[in-house]
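Subject: Structure handover

Hello,

Please find the structure below, followed by notes on what was found in it.

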Amino acid sequence: MAKTPLFLRNTWYYALPSKQLKSGQIISKTLLNELIIFSRDRSGTVIAKVSETKSYPIQEAQGNIWIYMSNDDTSLILEEIPRIPEFADQSHQGVESIRFSCDVDHAVVGLIDPAHIAFVHQAWWWRSPETLKEVVKTFEPSLYGFTMRKHPLEQQTLFYRLIGHNPQIEISFRLPGIRIERVSTDKHIVCNLTAITPISETETEETTMFYTTLPWFPILQPLLLWFTRSFLNQDQEILLKQQIGLKHNPPLTLVGDADAQARWYYRLKAEFAKSQIQGRSFVNPIKEKTLRWRS
């Protein structure tokens, strides 16, 4: 069996926030080990070129620039860019980005791992170890990934209590590394979209964007972005420690329901790569399942 490639091709990757690329400006950025030159012409169109004969398709929506990292044939685009339907053409109200010194797989597993939250992200304004309890969630297959079915938000932090009454949460994941969390109440909705983009075999970028209908959000935006940066720094610290152990090339062991989403990610990635090699449609290997873990 062919080994699953580290970088998936023929799919959309997050490139950069729209506001970073002004009209007439040029920005160079390495993605998937390729130096990409991004430019925006006077009409506002974004172009991504690798060389004088080669370029990649670009789509821009909701304040984000996405790049389709294809193989040789750029005419076949297999799916739509990630969007949050509730916000139409609105841009995000906040964005934070960080680079991790690890490969894309470890960054994605860290993003979707539910068990690490209670141990890595401990703070008075978020949660403490005393709140550890069994969590039961139902997942179902969705576009190139899986979705945690919408359900009442049981553990409400200070920020969630400010949103409104009867909060409901839904979390979805799709290849190559996109996580969208939706929290809705009687009156408002708050979404965060997190995108994982490989820079090289040893460096990965994670970008988180916020979308909300809360009229007072701009007032708390600096505080929320500070919280987000704190979370990302905590993840970065853990990943740095993890890389020390990974230098010895230990076998990766994923067990129990807490690791189910990580196992699903590797299965999804392998199926995506296999379908590309065989020239057939992607078949989602994930089935509906209820998971239990302590968090």
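Q62 sits in the loop that links strand 6 (58-61) and strand 7 (64-69); helices (H or I, at least four residues) and strands (E, at least two) are DSSP runs, numbered from the N terminus. Q62 is not a glycine, yet its phi is positive, about 55°. Its relative accessibility is 5%, so Q62 counts as buried (buried means under 20% relative accessible area, exposed over 50%, partly exposed in between, with a 1.4 Å probe and protein chains only).

On provenance: this is a predicted model, in which local features need pLDDT of at least 70 and side-chain atom pairs count only at pLDDT 80 or more, while totals for chains, interfaces and linings use all residues. Residues are numbered from 1 along each chain as its sequence is written, and side-chain values use heavy atoms, with hydrogens and water left out.

Overall content

The chain holds 5 helices and 15 strands. Of its 295 residues, 51% are buried. Taking contacts (heavy atoms within 4.5 Å) between residues at least 6 apart in sequence, 61% join residues at least 24 apart.

Eight strands form an open sheet in the order 8-14-13-12-11-10-9-15, and the pairing is antiparallel. Two strands pair if DSSP finds at least two bridges between them. The edges are strand 8 (94-100) and strand 15 (289-294); each has a single partner strand, so one side of each has no neighbour in the sheet. On average, neighbouring strands of this sheet are turned by 20° against each other, direction ignored.

Some of the pairs in detail:

- Strand 13 (residues 189-198) and strand 14 (residues 204-212) run antiparallel and are joined by 9 bridges. L193 is opposite M209 of strand 14.
- Strand 10 and strand 11 are antiparallel, with 6 bridges. M148 has I171 in strand 11 as its bridge partner.
- Strand 11 and strand 12 are also antiparallel, with 7 bridges. Q168 has S184 in strand 12 as its bridge partner.

Strand 11 is mostly covered, with 5 of its 7 residues buried. A hairpin through 3 residues takes strand 11 to strand 12. The loop between these two strands contains P176, and the peptide bond from L175 to P176 is cis, with omega near 5°.

R174 is placed in strand 11. Its relative accessibility of 11% means that R174 counts as buried. With neighbours within four places in sequence left aside, R174 is in contact with E79, E80, I81, P82, L143, Y144 and G145. Y144 in that list belongs to the loop between strand 9 and strand 10. Y144 is another residue other than glycine with a positive phi, near 50°, and at 11% relative accessibility Y144 counts as buried.

The helices

Helix 1 (residues 104-112) packs against helix 5 (residues 260-278) at an angle of about 135°, and the two axes are 9 Å apart. Axes are lines fitted to C-alpha atoms, for helices over the stretch in contact, and angles run from 0 to 180 degrees between N-to-C directions. Helix 1 and helix 5 are therefore oblique to each other; under 35 degrees counts as roughly parallel, over 145 as roughly antiparallel, 65 to 115 as roughly perpendicular and the rest as oblique.

In this contact, V104, D105, V108, V109 and I112 of helix 1 meet Q261, A262, Y265, Y266 and K269 of helix 5. These residues divide into 7 nonpolar, 1 polar and 2 charged (Ala, Val, Leu, Ile, Met, Phe, Trp, Tyr, Cys and Pro count as nonpolar, Asp, Glu, Lys and Arg as charged, and the others, Gly among them, as polar).

Helix 4 (residues 217-246) contains T228. At 9% relative accessibility, T228 counts as buried. Apart from neighbours within four places in sequence, T228 is in contact with E96, T208 and F210. The C-alpha atoms of T228 and S97 are separated by 9.4 Å, although these residues are 131 apart along the chain.

Regards
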